[in-house]
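Here is a short briefing to read alongside the structure. Please keep the model open as you go through the points, which are grouped by topic.

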Amino acid sequence: VLPMSNDSTVTLETSLTVFRRRFFLDDRAFEYLQQCPSDIQRKVIEHFDPRNHSDDDYSRKLMGYIRSLTNDAEGGSRKRVREDLTVFRERYPMDDRAFEFLSNSPSGVQASVIRDFRPRSEGDEDYSSLVTTMVKRARTLPPSQLAVGPSKSELEAFRIWYPMDERAWDFLLNASPLVQERVLDDFKPKREGDTDYSAPITAFLRMVAERNPSLSKAQPTVSEARLEAFREKFAMDERAFGFLLGCST
């Protein structure tokens, strides 16, 4: 166990470097750790303590430990969605009508909006219109898509650990949150350390969707990531992007 101070980002970065040297992490494992939120990184540094201290590489054990921490954090976050609404409003100011509309929505809708809300610019005075549009869109989604599921950073960390091409990555991004969660929890390749897992990940995604129809989407949708990419390519203001988000697939 490595003690550390929470005083600064520099301390965290230094502690990560020391942690890597102690447990002989390979590049992918260390990059996976770096992609994690800072609170997860601190827990790893302070509490990761494998039983066997004679291994030459703890990379695989570390990934499993990070997943367990992430699952615990996600479970707690589901219970705190309503508390997060106040923080969300402080970051993205909105009028009382928009906030009431969000607050009175089902918890899954609230979690979806908080997770996926990505305005083009931060620091605006009023996001009421865009928030309302996002809530309306979330309310039309099937229950399987309103599950909290893995965060974008978790998915990106998974891609670092298991490299895949754009097609497989897009397939994963467009899967329902419950399917994504199943993939991150249960995907076990025959061999670790390969440079491309596109085929096995795609096959696993299809298998999960086919064996568990209730986890899959009720209808095809366009992911937030793809909409954001479209926005980057064709610049548009908040009003136009809100209109796009509110359109049916």
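This is a predicted model: local features need pLDDT of at least 70, side-chain atom pairs count only at pLDDT 80 or more; totals for chains, interfaces and linings use all residues.

- Y92 sits in the loop between α5 and α6 (96-103), and its pairing with F117, in the loop between α7 and α8, links distant parts of the chain, 25 residues apart.
- Like F117, Y92 is buried.
- The count of aromatic pairs comes to 16.
- Elsewhere, ring pairs join F158, Y162, F187, Y197 and F204 into a cluster.

**Overall fold**

- The protein chain has 14 helices and zero strands.
- Of its 249 residues, 45% count as buried.
- Taking contacts between residues at least 6 apart in sequence, 71% join residues that are at least 24 apart.

**Nonpolar cores**

- In soluble globular proteins, nonpolar side chains tend to be buried together.
- The largest nonpolar core here holds 39 residues, and F19, L25, V44 and F158 are the ones that touch the most other members.
- Two or more residues of this core come from each of α1, α2, α3 (38-47), α4 (59-79), α9 (152-161), α10 (166-173), α11 and α12 (198-211).
- A second, separate core has 16 residues, including L85, M94, Y127 and V135.
- Which residues does V44 touch, leaving aside those up to four places away in sequence? They are F19, L33, L62, Y65, I66 and L69.

**Helix α11 and its buried face**

- In helix α11 (residues 177-186), the buried residues are P177, V179, Q180, V183 and L184.
- Viewed down the axis of α11, these buried residues fall within an arc of 160°, so they line one face of the helix.
- An α-helix has 3.6 residues a turn, so residues three or four places apart point the same way.

- F24 is in the loop between α1 (9-23) and α2 (27-34).
- The phi angle of F24 is near 50°, a positive value in a residue other than glycine.
- F24 is partly exposed, with a relative accessible area of 48%.
- At the start of α2, a side-chain oxygen of D26 comes to within 3.3 Å of the backbone nitrogen of R28.
- The charged end of R28 sits over the ring of W161, 5.5 Å from the ring centre.
- R28 is also one of the buried residues of α2, together with A29, F30, Y32 and L33.

**A buried glutamine**

- A polar atom of the Q110 side chain lies 3.4 Å from the backbone oxygen of L102.

Notes: Residues are numbered from 1 along each chain as its sequence is written. Side-chain values use heavy atoms; hydrogens and water are left out. Helices (H or I, at least four residues) and strands (E, at least two) are DSSP runs, numbered from the N terminus. Buried means under 20% relative accessible area, exposed over 50%, partly exposed in between (1.4 Å probe, protein chains only). The arc is that of the directions from the helix axis to the C-beta atoms. A nonpolar core is a set of buried Ala, Val, Leu, Ile, Met, Phe, Trp, Tyr and Cys residues joined through side-chain atoms within 4.5 Å. Contact means heavy atoms within 4.5 Å. A polar contact is a pair of N or O atoms within 3.5 Å; within protein, one must be able to donate a hydrogen and the other to accept it, and residues adjacent in sequence count only if both atoms are side-chain atoms. Rings of Phe, Tyr and Trp (its six-membered ring) pair if their centres lie within 6.5 Å; planes under 30 degrees apart count as stacked, over 60 as edge-to-face and the rest as tilted. A charge sits over a ring if NZ of Lys or CZ of Arg is within 6 Å of the ring centre and within 35 degrees of the ring normal.
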